[in-house]
There are 2 protein chains.
Amino acid sequence: MGLVVQKFGGTSVGNVERIKHVASRVIETVKNGDQVVVVVSAMGKSTDELVSLAKDITENPSKREMDMLLSTGEQVTIALLTMALQAQGHEAISLTGWQAGIKTEDCHSNARIQKFENETIGNHLDSGKIVIVAGFQGVTESGEITTLGRGGSDTTAVALAAGLKADRCDIFTDVTGVFTTDPRVVKSARKLSSISYDEMLELANLGAGVLHPRAVEFAKNYQVKLTVRSSMVEEEGTMIEEEVSMEENLVVRGLAFESNVTKISVCGMPNQICGLSNLFTTLATNNINVDIIIQNVIDSENTNISFSILSERLAETVEVLENNREELKFQEILHDTGLAKVSIVGSGMISNPGVAGQMFKALADQGILVKMVSTSEIKVSTVIDQSEMVKAVETLHQEFQLDKVKVSV
Amino acid sequence: MGLVVQKFGGTSVGNVERIKHVASRVIETVKNGDQVVVVVSAMGKSTDELVSLAKDITENPSKREMDMLLSTGEQVTIALLTMALQAQGHEAISLTGWQAGIKTEDCHSNARIQKFENETIGNHLDSGKIVIVAGFQGVTESGEITTLGRGGSDTTAVALAAGLKADRCDIFTDVTGVFTTDPRVVKSARKLSSISYDEMLELANLGAGVLHPRAVEFAKNYQVKLTVRSSMVEEEGTMIEEEVSMEENLVVRGLAFESNVTKISVCGMPNQICGLSNLFTTLATNNINVDIIIQNVIDSENTNISFSILSERLAETVEVLENNREELKFQEILHDTGLAKVSIVGSGMISNPGVAGQMFKALADQGILVKMVSTSEIKVSTVIDQSEMVKAVETLHQEFQLDKVKVSV
């Protein structure tokens, strides 16, 4: 008998019919002889509805009261799912975040889990119950309700799996697994049977959107075996684990891309020691998220700094910079909008110095101009014209043979 | 500086506009220099919506999971009301039942409050905050979420007022106070400026519907000064207190009535010691609520027992009785449907033995046949034909001069 944590997201529990379907999926696992802890999100659009109620009250609701409000969403789902399991003759019990022993730091709307006290869930499992836990929420030492921020339910599931020493953690979602790239864009995109934590982290951060980076990080730290699979379709998902064994250690495992990128260049800044620091501290203070950063020293006195942002933040970013012109002492701001970011990810890159070159050549062969580059040990990101994004993705998918399964024997 | 507990029901917080209006009412009290604790119910129809979700899952949801589900309703309201108060520049904080220290017995869907730990609310009041508490809910010693059953938010408000030694407890509702009888039926119905706990209890039990009997009982036990008033209209309400002083001690203070009553007669039961007990235990086991009970011994061997129920339970009641015919040994069941109950209530009756006679004579003078009678120290209830209910109520309202204020000097 094993112990499995299963997480179902908002779409999977979007209405009563789907909740009943989730109950059946859970019961299948129980019938396999496993103990099951289920983590659920709020039903489909219910979080949006709660947010809109708050906005009707005030433009600036306090974070504490938003947590109070939003945490009701998962509480509704756990009650309904537990009823559905009981209606099918199974012993089940629902637990809110605070009941389940999920202790977080004292910080609203984006709290981190500090401790998971596993006695309550452990006792219920021992007494033969299926335990249904509200995702996305916890409680501080002083009894304040907190929420975990975006992707919080994924993090809850991984934390419970770690703290209960579960055999695996299944993340049920509306896709059938992690793909080499977005199958809606590239027809030959292929579902991966496994991927390493680090690769998944890069893909998650690059906007692949299947799993929240914090959950992957947590899973990596506690070596929780994660599986991403579909709640709708009966199909093997993608395993996320330390050592990717079943497939040949592909140099490039996946391709991520993102449109609506804008490149901003701050030109002619004095080449001072605190120039970079001043610039990005100013942007961070104004909540502007910067992605790729490139510095180009022009001469001993001046420097150009370029960075990429989401296009929707362009006006705001320029305003922030202009407001701080005196302090930052730049001469000019240039911006290039209508761009896209295309990245290749794979842990095999570490030992393959030629991968970046191979990527640039493939793009150049298609006449695609690379406007920015950023690299990590296991990824290379390029910024190109948005109009060429799909062509670039298709080219690279083929170049690195992502459409072909290579199984090691 | 005083301390006031204010309770706003579901209609008063039915939408965002009304919640903002409630915030203004609360702020008025704060501006008078009082500390305020606010108790709120779930928004308007939200409880019904949650119940209907549960019914879509299963016909028989467990009580524990219903409590888990329904308690989210008030949690939404406390967050929104707190946001509204903060938006108007006031320090406020929301607390769920468990955060507010409302400890109940270990019983779902209809738990009684056992203990109220007032430290948390006390500390927040001391730090100058308006405290917003979720009504209708509490927590057991072992951390289970419970609800208090019908009228639960009234009970929460009274319990907080008692435990915080509040100067008064205002119950804001959709009527302007307690009336001599239903003003929608009797034009000359008059709002009472005060009424005693016992009178209110009889009226509440008789279906006057303004305040839940449990809340009144609680208020009586802890001598909490209650006021019932309108959340919409600025107008003095009705004071509920031990000694009614401002008005002459009226013999009859109010009139309650209820339609859709059915009288059932179980005829020819053997006149055994356990006959009554068997009959009503059987009905109670089947959740059939019986109101007035009359026993008529026919001869030394047989007895007829009559009782009244809500007409909607007729078919079910007859079925239960028929299913137990062998055990109960009756000969025949008769029923008389289309009846109504009309009651007079007043603590002055205790010392006025002629009141019941005066009531019967007034009804007889109008040709109204009384089919059942039941009395307590401070009320007389009669069951009559529903077609004559309004005439009876109008007649009695006039007979006991309820339309006239008698102020003692």
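## Ground rules

Because the model is predicted, local features need pLDDT of at least 70 and side-chain atom pairs count only at pLDDT 80 or more, while totals for chains, interfaces and linings use all residues. Residues are numbered from 1 along each chain as its sequence is written, chains are lettered from A and ligands numbered from 1 in the order written, and side-chain values use heavy atoms, with hydrogens and water left out.

## The listed binding site

UniProt, in an unreviewed entry, lists A:Thr47 and A:Glu74 under "binding site". UniProt positions follow the numbering used here, feature names are shortened, and annotations may be inferred rather than shown by experiment. The two are spread over 28 residues of sequence, yet they cluster in space, with a largest C-alpha distance of 9.0 Å.

Let's take A:Thr47, which sits in helix 2 (residues 46-57) of chain A. Helices here are DSSP runs of H or I, at least four residues, numbered from the N terminus. A:Thr47 counts as partly exposed because its relative accessibility is 24%; buried means under 20% relative accessible area, exposed over 50%, and partly exposed in between (1.4 Å probe, protein chains only). Leaving aside neighbours within four places in sequence, A:Thr47 is in contact (heavy atoms within 4.5 Å) with A:Ala42 and A:Leu70.

Now for A:Glu74, in helix 3 (residues 63-87) of chain A. Its relative accessible area is 3%, so A:Glu74 is buried. With neighbours within four places in sequence left aside, its contacts include A:Val40, A:Ala42 and A:Phe136.

## Two helices crossing

How do you describe a packed pair? Two packed helices are described by the angle between their axes and the distance between the axes. In chain A, the axes of helix 1 (residues 16-31) and helix 3 come within 9 Å and cross at roughly 60°. That makes helix 1 of chain A oblique to helix 3 of chain A: angles under 35 degrees count as roughly parallel, over 145 as roughly antiparallel, 65 to 115 as roughly perpendicular and the rest as oblique.

Where they meet, helix 1 of chain A brings A:Ile19, A:Val22, A:Ala23, A:Val26 and A:Ile27 to A:Leu80, A:Leu81, A:Ala84 and A:Leu85 in helix 3 of chain A.

## A glutamate from chain B

B:Glu65 is found in helix 3 (residues 63-87) of chain B. B:Glu65 is buried because its relative accessible area is 0%. Not counting residues up to four places away in sequence, B:Glu65 touches residues of chain A, among them A:Ile78, A:Met83 and A:Ser94.

Notes
Helix = DSSP H or I, 4+ residues; strand = E, 2+ residues; numbered from the N terminus. Axes fitted to C-alpha atoms, helices over the stretch in contact; angles between N-to-C directions.
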